[in-house]
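Hello,

Here is the structure I promised to pass on to you. Have a look at it first, and then read my notes below.

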Amino acid sequence: MTSVAVLGTGLLGTAIATRLLHQGLNVHVWNRDSSRIAPLAAMGANVIDDLEQVVENHRPIITVLRDASATTSVIDGVGHLQGSTVIPMGTMGVEESRNLAKHVAGQGGSYLEAPVLGSRPQALNGTLLVMAGGEALDFNQQHELLTHLAEQPMHVGPVGSGAATKLALNQMIASLTHSFSLSIRLIQQSGVPVETFMKILRPSALYAPTFDKKLQRMLDQHYSDPNFSTALLRKDLRLFLEEAAAAGLQTNGLQGLATLLEDAQGGDLDDQDYCALHELTVLR
Ligand SMILES: NC(=O)c1ccc[n+]([C@@H]2O[C@H](COP(=O)([O-])OP(=O)(O)OC[C@H]3O[C@@H](n4cnc5c(N)ncnc54)[C@H](OP(=O)(O)O)[C@@H]3O)[C@@H](O)[C@H]2O)c1
C-alpha cells in the first residue's frame with residue numbers, strides 16, 4: 001500500500017489527508033496542535049507523535065502548513081530526509097520556495113513544490129488544480145500520488161514557477177472578490193435588485209463563477225465555516241505584492257485592497273471566510 005506523510009492538518013491538510021485515506025493510501029499525519037488530528041485518526045490515519053518518525057521507507061512528505069517559515073521549521077524538525085521527497089502544498093513566495101528546496105537538499109531530500117488552487121471540497125473529491133515546480137524526474141515520480149488529489153496535475157517548470165503561478169491566481173481571488181463586493185454594494189445602495197444585476201452579469205463576459213459561489217454569503221454576511229481564511233488571503237496578497245515589486249510591476253491599483261486587509265489584521269474577519277472582505281468595502 002502506498003504510504004505518505006501529511007504534515008499540517010488544518011483546513012486544507014485535513015481535507016487532503018481525508019482524500020488520500022479514501023483513496024486507500026496508508027496516511028501518516030502530524031500536526032503541531034495534536035488535537036486537530038483526532039478526526040483523521042478515527043478515519044484510519046496513523047498518528048505521528050514525533051517529527052523524527054516522519055521519514056520511513058522514502059515515503060513522500062506532503063506539507064500543508066501556513067507559510068514558508070512554518071514549513072521550514074517543521075522540515076527542520078524531521079531531521080535527515082534519507083532521500084524522501086518533500087511536497088509543500090501550502091502557498092509561499094518564490095524565493096521562499098527556492099530557499100526551502102535548498103534546505104531540503106541539505107537534509108538529504110528531494111523537493112517538488114505543489115501548490116494548489118481549490119479548497120476543501122475540491123481536495124475531498126480529488127479535483128484540486130496542482131501546479132508543480134521542480135525537476136521533471138521528481139514530478140514524474142510523484143505523479144501517481146498527485147493524481148489522487150488532482151485530475152491533471154501540471155508541471156509548470158522549475159522550483160519557484162509553481163509558487164509564482166499560485167500567487168498569480170490568488171491575486172485574482174482577492175481582486176475579483178473585492179471588485180464584485182464593490183459592485184454589489186453600489187447595486188444595493190441604488191435600489192436595483194441584486195438578482196436583476198446578476199441576470200445581466202451572468203451571461204456577460206465579465207462573469208466569474210466565484211461571484212455566485214460567494215454571493216449568498218455576502219448578502220447574508222455569513223462568513224463562518226471558512227474554506228480559506230481572510231488572514232491567509234492577506235498573507236498571499238502580501239507575497240504577490242513582494243513578487244510584483246521584484247518583477248518591476250506597477251501595483252498601485254492593488255495596494256488599496258492590501259491596505260484594507262492589513263488594517264483588518266487581528267480583528268474578527270481573520271478566521272472567517274475570505275469573502276468577509278465584503279465588510280471592508282463600506283465606509284465605517
Ligand atoms: N484553505 C484553502 O482553501 C487553501 C487553498 C489553497 C492553498 N492553501 C494554503 O495551504 C496552507 C494551509 O492552509 P489552511 O487553510 O489549511 O490553513 P489553516 O487551517 O490555518 O492551517 C494551518 C496549518 O499550519 C500549521 N501551522 C501554522 N503555523 C505553524 C508553525 N509555526 N509551526 C507548525 N505548524 C504551523 C497549523 O498548525 P496548528 O493546527 O497547530 O495551528 C495548521 O496545521 C496555507 O499556506 C494556505 O495559504 C489553502
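Let me start just past helix H3 (68-78): there Gly79 takes a positive phi of about 85°. Helices (H or I, at least four residues) and strands (E, at least two) are DSSP runs, numbered from the N terminus.

Two notes on the basis of all this. Residues are numbered from 1 along each chain as its sequence is written. The model is a predicted one, so local features need pLDDT of at least 70 and side-chain atom pairs count only at pLDDT 80 or more, while totals for chains, interfaces and linings use all residues.

Back to H3. Its buried residues are Ala68, Thr71, Val74, Ile75 and Val78. They cover an arc of only 130° around the axis, which puts them on the same side of H3; the arc is that of the directions from the helix axis to the C-beta atoms. The face turned away from this buried side carries the exposed residues Ser69, Ser73 and Asp76. By "buried" I mean that 20 or more other C-beta atoms lie within 10 Å of the residue's own, by "exposed" 12 or fewer, and by "partly exposed" anything in between, with C-beta atoms placed from the backbone. The cover over the buried residues of H3 includes strand E1 (3-7), strand E4 (61-63), strand E5 (85-88) and helix H4. Contact here means that the C-beta atoms of two residues, placed from the backbone, lie within 7 Å.

In the loop between H3 and E5 sits Gln82, a residue other than glycine whose phi is positive, near 50°. Most residues other than glycine have a negative phi. Gln82 is partly exposed, with 13 other C-beta atoms within 10 Å.

Next comes H4 (residues 94-106). At 1.5 Å a residue, its 13 residues should span 18 Å, and the end C-alpha atoms are 19 Å apart, which agrees; the expected span is 1.5 Å times one less than the number of residues. Val94, Glu96, Ser97, Leu100, Ala101 and Val104 are buried in H4. Seen down the axis, these buried residues fall within an arc of 160°, so they line one face of the helix. Lys102 and Gly106 are exposed on the other side of H4. The partners of the buried residues are H3, E5, strand E6 (110-113), helix H7 (161-190) and helix H10. Just after H4, Gly108 has a positive phi of about 85°.

H10 (230-246) gets the same length check: 17 residues at 1.5 Å each should span 24 Å, and its end C-alpha atoms are 24 Å apart, which agrees. Its buried residues are Thr230, Leu232, Leu233, Arg234, Asp236, Leu237, Leu239, Phe240 and Glu243, and they pack against H4, H7 and helix H11 (252-263). One of them, Leu237, counts as buried with 25 C-beta neighbours inside 10 Å. Leaving aside residues up to four places away in sequence, Leu237 touches Gln171, Ala174, Ala258 and Leu261. H10 is followed by Gly248, with a positive phi near 75°. In the loop between helix H9 (209-220) and H10 lies Asp225, a residue other than glycine with a positive phi near 55°. Asp225 counts as exposed, with 10 C-beta neighbours inside 10 Å.

On the overall layout, the protein is divided into domain 1 (3-158) and domain 2 (164-281), with bounds that come from an automatic or database domain assignment. Their C-alpha centres lie 28 Å apart, and 11 residues of domain 1 are in contact with 12 residues of domain 2. The side of domain 1 that touches domain 2 has 6 nonpolar, 3 polar and 2 charged residues. For these classes, Ala, Val, Leu, Ile, Met, Phe, Trp, Tyr, Cys and Pro count as nonpolar, Asp, Glu, Lys and Arg as charged, and the others, Gly among them, as polar.

Which residues are closest to the ligand? Gly10, Arg32, Asp33, Gly90 and Ser119 are, in a shell of 25 residues; a residue is near the ligand if its C-beta atom, placed from the backbone, lies within 6 Å of it. By class, the shell has 9 nonpolar, 10 polar and 6 charged residues. Domain 1 and domain 2 each give at least three residues to the shell, and helix H1 (11-22), H3 and H10 each supply at least two.

Best wishes
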